[in-house]
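Work through the exercises below with the sequence and the model open. Try each task before reading its solution.

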2 protein chains.
Amino acid sequence: MNDKQKVRRILDAAKAAGRASLTAPEGKLVCDAYGIAVPKEGVATSAAEASRIAEGMGFPVVMKIVSPDILHKTEAGGVVVGVKSAADAASAYDRIVASAKAYKVDAQILGVQVQQMIQGGQEVIVGAVTDGSFGKLVAFGLGGVLVEVLKDVTFRLAPATRDDALSMLDGIHAAQMLKGVRGSEPVDREALARLIVQVSQLVSDFPEIAELDLNPVFASASGAVAADVRIVVDFAPKVPRYRPAEADVVVSMKRIMQPKAVAVIGASDETGKIGNSVMKNLINGGYKGRIYPIHPKAAEIMGHKAYKSVKDVPGEIDTAVFAIPAKLVAGALVECGEKKIAGAILIPSGFAETGNHEGQAELVEIGRKYNIRLMGPNIYGFYYTPANLCATFCTAYDVQGSTALSSQSGGIGMAIIGYSRSAKMGVSAIVGLGNKSDIDEDDLLLFFEQDDNTKVIAQHCEDLKDGRAFAEVAKRVSKKKPVIVLKAGRTSAGAAAASSHTGALAGNDKVYDDVLRQSGVIRAKSLRDLLDFARGVPILPTPKGENVVIITGAGGSGVLLSDACVDNGLKLLKPMPPDLDAAFRKFIPPFGAAGNPVDITGGEPPITYMNTVRLGLEDERIHALILGYWHTIVTPPMVFARNMVQVIDEMRAKGIVKPVVASLAGDVEVEEAAEYLYAHGIPAYAYSTEIPVAVLGAKYQWARGAGLL
Amino acid sequence: MNDKQKVRRILDAAKAAGRASLTAPEGKLVCDAYGIAVPKEGVATSAAEASRIAEGMGFPVVMKIVSPDILHKTEAGGVVVGVKSAADAASAYDRIVASAKAYKVDAQILGVQVQQMIQGGQEVIVGAVTDGSFGKLVAFGLGGVLVEVLKDVTFRLAPATRDDALSMLDGIHAAQMLKGVRGSEPVDREALARLIVQVSQLVSDFPEIAELDLNPVFASASGAVAADVRIVVDFAPKVPRYRPAEADVVVSMKRIMQPKAVAVIGASDETGKIGNSVMKNLINGGYKGRIYPIHPKAAEIMGHKAYKSVKDVPGEIDTAVFAIPAKLVAGALVECGEKKIAGAILIPSGFAETGNHEGQAELVEIGRKYNIRLMGPNIYGFYYTPANLCATFCTAYDVQGSTALSSQSGGIGMAIIGYSRSAKMGVSAIVGLGNKSDIDEDDLLLFFEQDDNTKVIAQHCEDLKDGRAFAEVAKRVSKKKPVIVLKAGRTSAGAAAASSHTGALAGNDKVYDDVLRQSGVIRAKSLRDLLDFARGVPILPTPKGENVVIITGAGGSGVLLSDACVDNGLKLLKPMPPDLDAAFRKFIPPFGAAGNPVDITGGEPPITYMNTVRLGLEDERIHALILGYWHTIVTPPMVFARNMVQVIDEMRAKGIVKPVVASLAGDVEVEEAAEYLYAHGIPAYAYSTEIPVAVLGAKYQWARGAGLL
């Protein structure tokens, strides 16, 4: 058990002394309290005791004079390294004491320190930092200068589980070093993982431990020992972020996203005004709830009775869309609060993004006071298609589907809308988060988690206000529904000034990368990836195993598709079992190649594609198919597309459902074929071998993270 | 000067002895001959001589007994390390000889070896391998187990220049280690580069040196010394690849690509036959030269007089397109040879790709005998649009432009055709290379180099038959015209069994990566990259400097565009000079942000885009612009597009020409705007922040490689 009281006493002493870090002996005591191995040591006051102590810890040992009067121990002949036996320890004791006395006759000699000499094994670093967004993080990397140069380090939220810790050992580029290289023994993975877990537990139990470095830790076949400990403390009280209970978040978010009644504050009859666009979108979008235009003078707007204030509205209102100048927002928001409206959609700009932080703080305060959630300010609004709700000034969006998207930036939001429309991507929601004064990504996750209309969640963000809350929610939600995140600002900043080694290694983006993965989130590398994954992942069935097979008419596509599999972490079924290989060969010309890719060769008729794909779907050892189509006169694009859909439908009728993606190489007719395939459950791309494979890779990444594989 | 005779003598001795490697002393002598520093050594036969020798090489030194009768030198007390002075050297000599005599009374003592003790500095590895495609390659990496695990090594064609060698020092991930880390001194870069150059020269001068390892080399501030040398030799004679003189290649390729007369062997009136499709494409494509259908019986095909054999045709024929079964090809090819036709376009399959290697070898032999160049077999043919020539059975392609494309695979060729048509990409040529029995990528490079209709060359390949020839030609051509290569099979194979350390590190793809870069080639990572670069690079003007500025209406796009700049090696002008910053600020709202990205904020009218872009083009400190457009009612997509083209035209009239790319975020109308911008010289993409920046990055990579920046 961890001795928390012991750590508490040490920290209290440091706090009382006004110190910002612990001393090395204090650090060792803290490690001891948490079962983190440090070199054993003891102080002997006789040669016999030195022998006994040394024997107790095992050889070799280092022995050092302990005297307040001797500063330069080595110069005084007060250090002996590499003591290898009990007899040597005894004689070393005598030699050290004699030398010390000779060096300084009147030196007060307290004894001789005997310390375990750690050697061999692999030097690693284990540390912890406190991140502004994610809180306590534990870090792991190899030790040494080279690793510092290569920044080969990995992070997890603290406290980390044993599985987290083990995944860290495999999560560095140089992971092979821990498995034994050139005849060296593999390290004790369990011991090292335990040490990582303990460090993560320690900093979680004591938030005042701001940074911690165990550097180096000697990891070997017989354990992991921290040779040096450095602990930075910070006793300044932290103000925890305000965060409503999850159940309350869901209650509010449901009212906001699925309102029975919407007020438009600043509704207008005048074309070109935001309040006019919002009214049009609500009405033309087909929203069936009540719509209340709010306007200081008008009696009616677009056929709906208008009110001076939300307070004048007779019934309940769930959502208020703001389309008024910034300076009028606070006043109207108070009225919304008094009316017990669940959420304010703050389209207006002119707040934090223009430097008006006070104005935004005022809104947050009002929201908090009246328990009204704020979306924005500085947003385009949101769409929730299951309710035909377009609470936005942008054009209406009407292709219903199961993907929920959000963006921090309005521009990216517009790109999401455009792509969705162009690609006929069905969406359940598109939400603008803008300045994120209140509602943020994790609030959306909580709503979409319980929303049966949403099967996948795709979010663009530039920062996470509360990365820890996001990670915690995402970890749970991603087990049920894929969560895809495009984190912008990947390559900016870098670590802020930090006083520890680990802190200096905590480059902003690597932390996001690791924590998002730890949370089961699929990280998109680019805007197009986000959009392609958002479109393709929900329509792909979940694979039941790792064996992927490529079936291609074009050998050239097969090679590129294989490259893409490696790039996207997909495992090709290799070698192909002989009976399966023979079964494929029955369908393809003698000069075709089975193996994997299955190269059916160009110029084959549709039946060859159908036979091989049917076999691929039927065989239980195959879990996913990647198709490489080659446009020929014998098998035109739409013939191929229809035949593939036919085979897949036929299999579905038999209860066989596997993910299939397709890469189409051919003249422009392949674009129509790709669209047809996509519409029928096969993510397909013209002129690309990499995108369909990346989409399948995203689905696999999700399934692995959710523990389904 | 390098002492080649000395090396020749050592190699001759090894060859005579039938050895496959050199001994360590031989290896040292070879190094000596090429001025590659190895630890100095000498044999002393007296204490005084030992002092003298040691002083001559500098301390510390290692001293070892030299005696044929003493095998275990250390056991005999015959080794002293770390000798630090002349006096110590003398006494060490006496001690070693005395010990040796005591150890074995009758031992014959030849003296004491004095060897320079190399220490400190950075351990690196320098090596050389013989690659099947690229021939001699020189390799460089850091030494040690970790580097072996991380495979942090870089290659160049040998012989390497000083610049090549210096680029290798910067070409490893851990490059920082050579520049001094944590207070260590930087290594002597010139000395290390010299050593690399000498190794590369050595293996180039002596092809029988198959593999070479200098491992480790100690690189420090005072030089680079190879502590261990290993040389593998192979005296089996190599058969050089047949390769016509470059001038002859160009003469043939010009006749083939720009023929005055084309014969279609197997021309047909029957729809669906390849020989019919080829005829149609030639005629309907608008080819103005003479067309001779060859058919055993027909008198006329599609309005052209037919002949039984090319030999019956009265005039000269430049190009013969084959559309007959594989088994008839050889016979017809002989007739083409007798007719002195320059090139045979071998569409038929049924050769090496189906295992018929003999059939293909027969064609090669005929081609060689008659000096007729072979394209294919197993191809779709080729297009050369400046001559309106569609010598293929695929659909006609008619969008003239300046991009020449080729593919090894027919499927990828079809994707190229489809994408080109869909994207309205102007091309000068599309060529299928198929089995590459004769004509390959470097032949095409030689033709396109001198072809004024071609400005950029984009090639898909799975292997390079003769990587060295390709690299040599590409290095020259890429100085004039961008060469873009998609090398498939990136992630396959790995290194073949190799007996040296360097050989084991020579992962196939890393070699391609390094050599293509050394040759000035832009390597596309994916099929879409190849196509996007092929389309965008030729229309972008060449930048005159490295300073890139982002001007964006959407802050969110600005962040993603900045990420993409880092990913693509582009340098943002930062910090923005104060006067320039002030100049930008004049045009943007007070809450907008100058700096870089210049964030003009959303909702700005067209004039703000125009003013800022005009300023960006006019200021001489800015060399390229990336535009981030945000679709709003105030500035609709086509208004933005037309205004941008207007500003750029206006600037062009003033002689200001800079590369500009655009990322368009918005509803589907941005697709039309992107097309308009592209058609007017601005590569623009809807819903993507990364692709336009990647295209600009490709242009920059080319310009740097060509020495234009």
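A residue is called buried when its relative accessible area is under 20%, exposed when over 50%, and partly exposed in between, using a 1.4 Å probe and protein chains only. The model is predicted, so local features need pLDDT of at least 70 and side-chain atom pairs count only at pLDDT 80 or more, while totals for chains, interfaces and linings use all residues. Residues are numbered from 1 along each chain as its sequence is written, chains are lettered from A in the order in which they are written, and side-chain values use heavy atoms, with hydrogens and water left out.

**Exercise 1. Salt bridges within a chain**

Task: Describe the salt bridges of Arg476(A) and Arg517(B).

Solution. Step 1: Arg476(A) pairs with Glu449(A), and their closest N and O atoms are 2.8 Å apart. Step 2: Arg476(A) belongs to helix α14 (residues 467–480) of chain A and Glu449(A) to helix α13 (residues 441–450) of chain A, so the pair ties together parts 27 residues apart in sequence. Step 3: Arg476(A) is partly exposed at 32%, while Glu449(A) is buried at 14%. Step 4: Arg517(B) pairs with Asp513(B), here with 3.4 Å between the closest N and O atoms. Step 5: These two are four residues apart in helix α16 (residues 508–518) of chain B, which means about one helical turn separates them. Step 6: Arg517(B) is partly exposed at 48%, and Asp513(B) is partly exposed at 24%.

**Exercise 2. The largest cavity**

Task: How much space lies in the largest cavity, and which residues line it?

Solution. Step 1: On a 1 Å grid over the protein atoms alone, a cavity is a set of points where a 1.4 Å probe fits but cannot get out, and lining residues have an atom within 4 Å of a point. Step 2: The largest cavity holds about 70 Å³ of space. Step 3: Its lining consists of Tyr242(A), Val364(A), Gly367(A), Arg368(A), Asn371(A), Ile372(A), Arg373(A), Leu374(A) and Asp438(A). Step 4: The largest share of this lining, three residues, comes from α11(A).

**Exercise 3. A helix and a loop residue**

Task: Are the residues of helix α17 of chain B mostly buried or exposed, and where is Asp619(A)?

Solution. Step 1: Nine of the ten residues of α17 (residues 527–536) of chain B are buried, so this helix is largely enclosed by the rest of the structure. Step 2: Among the buried ones are Leu527(B), Phe533(B) and Gly536(B). Step 3: Asp619(A) is found in the loop between α20 (606–618) and β28 (624–630) of chain A. Step 4: Asp619(A) is buried, with 13% relative accessibility.

Definitions and conventions: On a 1 Å grid over the protein atoms alone, a cavity is a set of points where a 1.4 Å probe fits but cannot get out, and a pocket is an open set with protein on both sides within 12 Å along at least five of seven lines; lining residues have an atom within 4 Å of a point. Grid points are joined across faces, edges and corners, and a volume is the space filled by probe spheres set on the points. A salt bridge is a side-chain nitrogen of Lys or Arg within 4 Å of a carboxyl oxygen of Asp or Glu.
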